Amino acid sequence: MKSFLTALLFLFLYVSPYMVYAQEMSTSSNRQQTVFTVRGSVYDAEFSKPIPQVNIEVNGGAYTTTNMAGEFRIQAKRGDELVIRHKDFQTVYYTIKDNERIKIEVRANELTFEVPKINQESTFNASIDSAETYLKTDIEKSLQFITEALSKSRSINENSQVYEVLGDVYIHWKQYDLAISNYRISLQSVKSHTVQLKLAKAYWYNKSYQESIATYQNVSKSDLSNWQQVVLHEGLGDTYTSIHDYPKALKAYNSALEKANYYKIKAKITDLNSKIAQVLSETGNKKEAEDYFDNALKLASQETGSRAVEEKVKVADFKNRSQNFSDEIELRKQAIQAIQNIELDSAIGNESALTVQKQNYKIGNAYYLKKDYNSAKTYLEKSINEASAKNDLVVAKDAKRKLSEVYSSSGDYDKALETYKEYTDLVETLYIKKEQEIIQAARFSKEIAEKQNRITSLESDRQLSESKYQLTSERNKRQQLIIYSLIGGLLLLLVTAYFMYKYIKQQRLANNLLALKSLRSQMNPHFIFNALNSVNSFIAANDERTANRYLSDFSHLMRSVLENSEADFIPLEKEIALLELYTKLEHFRFQDKFDYEITIADNVVVSDFQIPPMLLQPYIENAVWHGLRYKTTKGLLSIRICKTSETELTITISDNGIGRERSKELKTDNQKKHNSQGMSNIQKRVSILNDMYQDKVDVSISDFQDEEDAGTQVIVTLKKD
């Protein structure tokens, strides 16, 4: 780029042939105030290179710059003026018409504007734009276009964009868990602050408040645009408000308001004044809240009619909480006039707070609280009539109930009873309707989940289809040559065999891991049961102090066991520490039966070796419980660790107890069964681990000596990785 270049600007608006504008936009007045994301890119047409660090600004609003790929995104409204500045070309001004896709190409020619012909071929951008067009009106069509876009995606950037739009779709249709999943997939492809902020908001919608806070806090604030900085602090404020942490909410909202004022983002200034007022109201600062509500009301009056009436309703709610019913009534009457004007251009759904029936109901309630029963009746009846005309059963029900209370308070009990019966009839009707809505919602969620599964698997399906197509093409080309056909078939068999081998190996590994987990889960309860029996014996002997000491050491041991229970291998030094503690506990109970020694050779570096957790403990347990415990004289338990080579060491566990043969003779049938299961578990663990880690562990068991008390010797051989 050279400084003498003049700019030739081509604005390419990628318009999908599938767009149906009438379905997207209800009225021009509402559309002008809808904030959407404008995507664009800036290129040097002469060298076909993207231009980074171009200043992109909406007058009086958001600001951003192009990234290394020359791309940008910015929040804007219809009618906003987009300003594109860079030191190497003239400043460009462009009026936003819609959530269009803009491509700016710079050349050393005169500045001209050209709108290209619509490409009849369905492109990736066309599919994405169509998905966004139908996002709020037809979820099925939107998901259909997303599926098309995913099939046309050729890069991780495009994949990321697809899943971001998919998250936007689910946010609008209140499928917040699916939105979270897709935003996270988008972020796995490309790290985007825009998507991070959307993910944090999705967590908030899903009531996952701590995840929302963590996501907001992990966003790098230094890289955000002006608009995004305000959105981040506002989002944090919303989340803290939801968990009733009002001091932090106020701090976040004030930070957002400060930035919105500095960058002159008018729409956010109004919203933030209103939100601060609501938090102050919740904390009891009524006077300060009233000041902020007044600010919000003045600012909203300078915006659209719907925004102004929305703020009037919020202030009216505040007046109600402050028991200033006269001001509340006046504000709601003004709101009704404004709502009626809005309804001349567009319908307002019953779920909106800005409906005539809801405002009449609240006016009637305010008159009721003022004990002006005649006025209360008038407005409640208006609310009922309006709600009935618009099939708003919820408001009709509430208004009937309140009207019954008004009749009762005014002494007209017959009318009160009659109205109450009408109220109960409405409750029953509403209950039936809600049941139907729940069934429909469940069906809707199921259908959406099925479509999500289809989209998730689309990438692999597409790759499989391409592979099949390529294989078919090659076979067709080689039909005339038998030798090539044979070679191709052989290669295909080899590839299939390779993948089958990998699949079987993965399945075997998964089965081994599951088996190991199962065996460990069987060992832990067995070990805990035996240890608790020891505690029980001390308690039975009324030795409370000894039981307490034993239980304290036992809890330390259990903590170590549980910490290591999920690993296949742990450092040998951890296993030795666990054995020392366990042997100490057993000796503590059977002091008169045996002594013990643990010897580690000087040339052994225990940190160099790994061992399966709880591998040695069952052998020590057997030595104590089935050998030394039955010995008539005091025995000895010996644990020796020796190094046999640079990559191998042996752990020898020996006892001079009564031996295996005599121990079997003393056992009951039930004891034999349990012992067999315990030893069987160890053998299975060793077998599985050796299969997974190439013969890393070896165990041999033999008699210790040629005497009446033959004892037992267990030799465990460990190999270094």
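Reply: **A residue and its setting**

Glu-71 lies in strand β5, which covers residues 71–76; strands here are DSSP runs of E with at least two residues, helices are runs of H or I with at least four, and both are numbered from the N terminus. This is a predicted model, in which local features need pLDDT of at least 70 and side-chain atom pairs count only at pLDDT 80 or more, while totals for chains, interfaces and linings use all residues. Residues are numbered from 1 along each chain as its sequence is written, and side-chain values use heavy atoms, with hydrogens and water left out.

With a relative accessibility of 36%, Glu-71 counts as partly exposed, a class between buried (under 20% relative accessible area) and exposed (over 50%), computed with a 1.4 Å probe on protein chains only. Once residues up to four places away in sequence are set aside, Glu-71 touches Gly-40, Ser-41, Thr-65 and Thr-66, where contact means heavy atoms within 4.5 Å. Pro-52 is 19 residues from Glu-71 along the chain, and the C-alpha atoms of the two are separated by 7.8 Å.

**The cores**

The largest nonpolar core has 53 residues, of which Ile-74, Leu-82, Ile-84 and Ile-96 touch the most other members; a core of this kind is a set of buried Ala, Val, Leu, Ile, Met, Phe, Trp, Tyr and Cys residues joined through side-chain atoms within 4.5 Å. Helix α10 (residues 246–263) gives the most to this core, contributing eight residues. Beyond its neighbours within four places in sequence, Ile-96 is in contact with Phe-36, Val-38, Ala-76, Lys-77, Arg-78, Gly-79, Asp-80, Leu-82 and Ile-102. Apart from this core lies another, of 43 residues, which includes Ile-576, Met-614, Leu-689 and Val-716. In soluble globular proteins, nonpolar side chains tend to be buried together.

**Buried helix residues**

Arg-685, found in helix α24 (residues 669–693), is buried, its relative accessible area being 2%. The C-alpha atom of Arg-685 is separated by 8.6 Å from that of Pro-612, although the two residues are 73 residues apart along the chain. Thr-239, in helix α9 (residues 226–242), is also buried, at a relative accessible area of 0%. Leaving aside neighbours within four places in sequence, Thr-239 contacts Trp-204, Tyr-209, Ser-212, Ile-213 and Tyr-216.

**Helix pairs**

Helix α7 (residues 193–205) and helix α8 (residues 209–218) pack at an angle of about 165°, with their axes 7 Å apart; axes are lines fitted to C-alpha atoms, for helices over the stretch in contact, and angles run from 0 to 180 degrees between N-to-C directions. That angle makes α7 roughly antiparallel to α8, given that angles over 145 degrees count as roughly antiparallel, under 35 as roughly parallel, 65 to 115 as roughly perpendicular and the rest as oblique. From α7, the contact is made by Gln-196, Leu-197, Leu-199, Ala-200, Lys-201, Tyr-203 and Trp-204, and from α8 by Tyr-209, Glu-211, Ser-212, Thr-215, Tyr-216 and Asn-218. By class, the residues of this contact are seven nonpolar, four polar and two charged, where Ala, Val, Leu, Ile, Met, Phe, Trp, Tyr, Cys and Pro count as nonpolar, Asp, Glu, Lys and Arg as charged, and the others, Gly among them, as polar.

The axes of helix α11 (residues 266–282) and helix α12 (residues 286–301) come within 8 Å and cross at roughly 160°, which makes α11 roughly antiparallel to α12. The residues where α11 meets α12 divide into 10 nonpolar, six polar and two charged, and the crossing of α11 and α12 is left-handed.

Helix α21 (residues 572–589) and helix α22 (residues 617–628) pack at about 15°, with axes 10 Å apart, and are therefore roughly parallel to each other. Their crossing is right-handed, and the contact is made by Glu-575, Leu-579, Tyr-582, Thr-583, Glu-586 and Arg-589 of α21 with Gln-617, Ile-620, Glu-621, Val-624 and Trp-625 of α22. The contact of α21 with α22 has five nonpolar, two polar and four charged residues.

**The whole chain**

The protein has 24 helices and 15 strands, and 44% of its 721 residues count as buried. Among contacts between residues at least 6 apart in sequence, 64% join residues at least 24 apart.

Conventions
Left-handed = near helix turned anticlockwise from the far one by under 90°.
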